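Q: I'm new to this one. Can you walk me through it, one piece at a time?
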2 protein chains.
Amino acid sequence: MPNGAQTLVEGLVDAGVDVCFANPGTSEMHFVAALDDVPGLRGVLCLFEGVATGAADGYGRMAGKPASTLLHLGPGLANGLANLHNARRAGTPVVNVVGDHALHHKRLDAPLESDIGSLARTVSGWTRRTYRATDLASDAAEAVAAAYGPPGSVATLLVPADVSWTEAGKSGRPPVRTGPRPGAVSAAAVEEAAGMLRSTEPAALLLGGAATHGRGLRAAARIAAATGARLLCETFPARLERGAGLPTVGRLAYREADASAQLAGTRLLLLAGAAEPVTFFAYPGQNGRIVPDGCRVLSAATGTEDVTAALEALAELVKSDVTPVPQAPLRPERPTGALTGESAAAAIGALLPEHAVVVDEANTSGIWLPAATAGAPPHDWLTLTGGAIGQGLPAAVGAALAAPDRPVLALEADGSAMYTLQALWTMAREQLDVTVVLFDNRAYSVLNLELQSVGATAAGPRANDLLDLSRPDLDFVALARGMGVPAERAVTAEQFTVLLDRALEEPGPCLVECVVPPLA
Amino acid sequence: MPNGAQTLVEGLVDAGVDVCFANPGTSEMHFVAALDDVPGLRGVLCLFEGVATGAADGYGRMAGKPASTLLHLGPGLANGLANLHNARRAGTPVVNVVGDHALHHKRLDAPLESDIGSLARTVSGWTRRTYRATDLASDAAEAVAAAYGPPGSVATLLVPADVSWTEAGKSGRPPVRTGPRPGAVSAAAVEEAAGMLRSTEPAALLLGGAATHGRGLRAAARIAAATGARLLCETFPARLERGAGLPTVGRLAYREADASAQLAGTRLLLLAGAAEPVTFFAYPGQNGRIVPDGCRVLSAATGTEDVTAALEALAELVKSDVTPVPQAPLRPERPTGALTGESAAAAIGALLPEHAVVVDEANTSGIWLPAATAGAPPHDWLTLTGGAIGQGLPAAVGAALAAPDRPVLALEADGSAMYTLQALWTMAREQLDVTVVLFDNRAYSVLNLELQSVGATAAGPRANDLLDLSRPDLDFVALARGMGVPAERAVTAEQFTVLLDRALEEPGPCLVECVVPPLA
């Protein structure tokens, strides 16, 4: 008779989960052993839980289905929370399996005992502790169903060790349907949106979630062409499909002044998979809102409705003879001279391969990237949805496993990279085709800007010291090689272009350290 | 007029806090700026929050007073939780300052919004959100008082950005007394313990918390000598003072069978700063208890009482002419031949400097260390109290700052090191006198043992792959140098001894990679 862990793995596999980003401990040993007994779930070892959860986020964004993670008790889950926060903000389906002490052991308050449930609920749309081995298979199915949503969310299953090791008979529960649900759409909301779009201008569509790629994006482009509304998307989209031949979507700016300028005069903002935009942080004397006074804000679909289906219904209602004008192909010249964020962006725009998956955590060094890559061949662009840095390298691991036939380009800032640099080791172990561009500006450059924005202008040497990464300089070439990833350093635009070209050509992981000045 | 952040820093400094392990973000910028305005708080930049909190744990254990941390919103706190869990289990005083969104911004559900309070309460004995700038100074003092306890604990102050940037007048609250409280002792408990010790044998004292060093330890040794009771301490003590001339204390074994053998026949177990011992994990067919049937368990002091004072009172009650026999000086010979955990331990025992602070996260590679160092010159031994790995290197940072005149030796396992390796950069930046011995056995070796212990014996290739760190090998010399720490690799006992000797001689940080076979 199978034990609980074996039925749990079976339940995940039956529900379509085929990868598990794992950093296990003692309480997860039966799950680990079950990977040999039950075929179909690929275990991918991560050296830190933040890598596992970030990888699950990247995987879910590209695969459109959940990966599982395997985490060890409260501290293991805690280490993974920051990237689960990003996944939550992205609406990514993720299933966490978190081992816990055996039920009879919990009252002993052993050293690793902690309040796992409270940790889990801060990021999860669905949290359950399983108390009987016979429930594990159906709880796994329910977790997968909850992760799919809509909305896509983090589902966390807490599995006591004895529930894993106890023999599990057949569950008495009915089988649980998993997989994405057929989309529910509010016809009234779609009709109201159509009416408002016809009667109000200027109007804009603000896209997020599933509306920034695939069928949703194409429907949004038809709506925009037919009604004259502008196409915008969230500042930090989970997965934006873009490039030559695809709809052109403007990303809402990060800075309040820039975002307000983008929306100035807009009379109608139709939200599709996005929330009403607000500033990322509060600043003295600002109220956090970006939408101009007098602008009506309307939602095409709520969080539990299918935004793709809603956009397609809306496109049908407003359709006209005007067809969308796709983005024209356009690449920058290969840059020469000084290596800066701008010249690095030109090199990336010049070389970006077709169907690349770009994971962008370049932060301040990356502000030239959207323009430089707008006309590159079609690609997907994944961003830091929740602001918890250390997401880029792990997400690249997951994206590469979800899309093994596509090149992955991770654009990574030095400060953010140091949160979850262990992801490089998993790239080497799994021989993932990831090219990492490490923007090394030797500062928490964004904080220099924020220090000014919040009005803390009189920053002295002690404050500046806490924003500085140059004492000592980090040697990312040594760090990458130390984890088995080939690496080189570029200090001129020519060097960077040659090294990037070569890295993109070669299979397997590679890191190019791109030494740039901090943003002034 | 000072702003809230400035009064917060003043409040911390007035309460005796002089270091802040920081990984700040936008919402903490006014605190960062205040470090230049208010003298007395040394900001130490950490590249990951787990380094900051682990450093605060190491600092608090050695300084006997709290360090502060500076963390960025929910994800920043989440990244620091694992080492706060260890600090909680160690009873270490720690004060976390966690920035939050401005109060008026919270309802906008901006990308970084999350449930910080729930995260904080999982590790904190005291949690508060400050709503008015005028309360920050006294809230800082209350946080420090709460951290001191008894029991020593984690205190977490959530500081909205607008509370930091708003002008703060004088607080109307009375000043809060900070610093360790004079100890309360239950005379009845001490008298009961004295009576039981006189009437019951064999008896043992189980020491933990403050009883494993300083006056508490010396009083315990007098009690043991006078009554014939054995001296034992927790499996994972927060700070065990040991070495030649000091009391000999046996550590309770990790494995249930070994620990049960240590306690077999004991009729009275007197707890002093320790909880009743239980197994670290649950195993099939075991009930988690270690104390033999028929053994009476008694506490000399509860968690809110002063265990040091209780032990001194008890020592006075039972005193006799028998004096404790201190540990004799004894060092192993310098080893030759193969480099193994055993020969490495001999080298460490042969070379350990007087008054060293040893931070031990060597895990399975370290099982020979206690015997090999028992007769070395006096030193302190800090261990992984809460089982959340990734504690050793950060704790070494904190210990070195708390005890700048003492050499720090960090004994670190490869798998654990990779959780918080960023600590090396802070060692380099602050030029801390830390020697890191990196035991590289290229496996999660403890899990190979645990896999057998839990009865998951039929481990196949997929399971073994998740416990293996050899594909690719981690190059810790490259990793350390990449963060500015000089490093060398040893593959023979002679090489290791020479490199360790040199590393201990030289000021500043140094890493010796010690390649050893995994525990069979």
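Q: How many bridges join β11(B) to strand β12 of chain B?
A: This is a predicted model. In it, 4 bridges join β11(B) to β12 (residues 296–299) of chain B, and the two strands run parallel.

Q: Which residue is the bridge partner of Leu270(B) in β12(B)?
A: Leu298(B).

Q: And how many bridges join strand β7 of chain B to β11(B)?
A: There are 5 bridges, with β7 covering residues 203–207 of chain B. These strands run parallel too. Leu206(B) stands opposite Leu271(B), and Ala203(B) has Leu268(B) as its bridge partner in β11(B).

Q: Switching to chain A. What order do the strands take in its open sheet of 6 strands?
A: β2-β1-β3-β4-β6-β5, with parallel pairing. At the edges stand β2 (42–45) and β5 (126–129) of chain A. Each has a single partner strand, so one side of each is left without a neighbour in the sheet. The twist averages 20° from one strand to the next.

Q: How many bridges do β4 and β6 of chain A pair over?
A: They pair over 7 bridges, in the parallel sense. Strand β4 is residues 94–100 and β6 is residues 154–160 of chain A. Gly99(A) stands opposite Val159(A) in β6(A).

Q: Which strands does helix α7 of chain A lie across?
A: β4, β5 and β6 of chain A. The helix is residues 136–148 and runs at about 160° to β6(A).

Q: OK, two chains. What rotation superposes chain B on chain A?
A: A rotation of 180°, with 0.0 Å of shift along its axis and an RMSD of 0.0 Å. The two copies are thus related as by a two-fold rotation axis.

Q: Why do the copies meet through the same surface?
A: Because 100% of the interface residues of chain B are also interface residues in chain A.

Q: Is Asn23(A) buried or exposed?
A: Buried, with a relative accessible area of 2%. Asn23(A) is found in the loop between β1 (19–22) and α2 (29–37) of chain A.

Q: What does its side chain make a polar contact with?
A: The side chain of Asn23(A) makes a polar contact with the side chain of Tyr444(B), at 3.3 Å. Beyond four places in sequence, Asn23(A) touches residues including Cys46(A), His72(A) and Tyr419(B).

Q: Last topic. Which residues touch the most other members of the largest nonpolar core?
A: Among them are Leu12(A), Phe21(A), Leu81(A) and Leu12(B), in a core of 208 residues. Leaving aside neighbours within four places in sequence, Leu12(B) is in contact with residues including Val17(B), Phe31(B), Val97(B) and Val144(B).

Technical notes
Residues numbered from 1 in each chain as written. Chains lettered and ligands numbered in written order. Predicted model: local features only at pLDDT ≥ 70, side-chain atom pairs only at ≥ 80, totals over all residues. Heavy atoms only, no water. Pairing = 2+ DSSP bridges. Axes fitted to C-alpha atoms, helices over the stretch in contact; angles between N-to-C directions. Contact = heavy atoms within 4.5 Å. Least-squares fit on C-alpha atoms with pLDDT ≥ 70 in both. Buried < 20%, exposed > 50% of the residue type's maximum accessible area, 1.4 Å probe, protein only. Polar contact = N/O pair within 3.5 Å; in protein donor to acceptor, adjacent residues only side chain to side chain. Core = buried A, V, L, I, M, F, W, Y, C linked by side-chain atoms within 4.5 Å.
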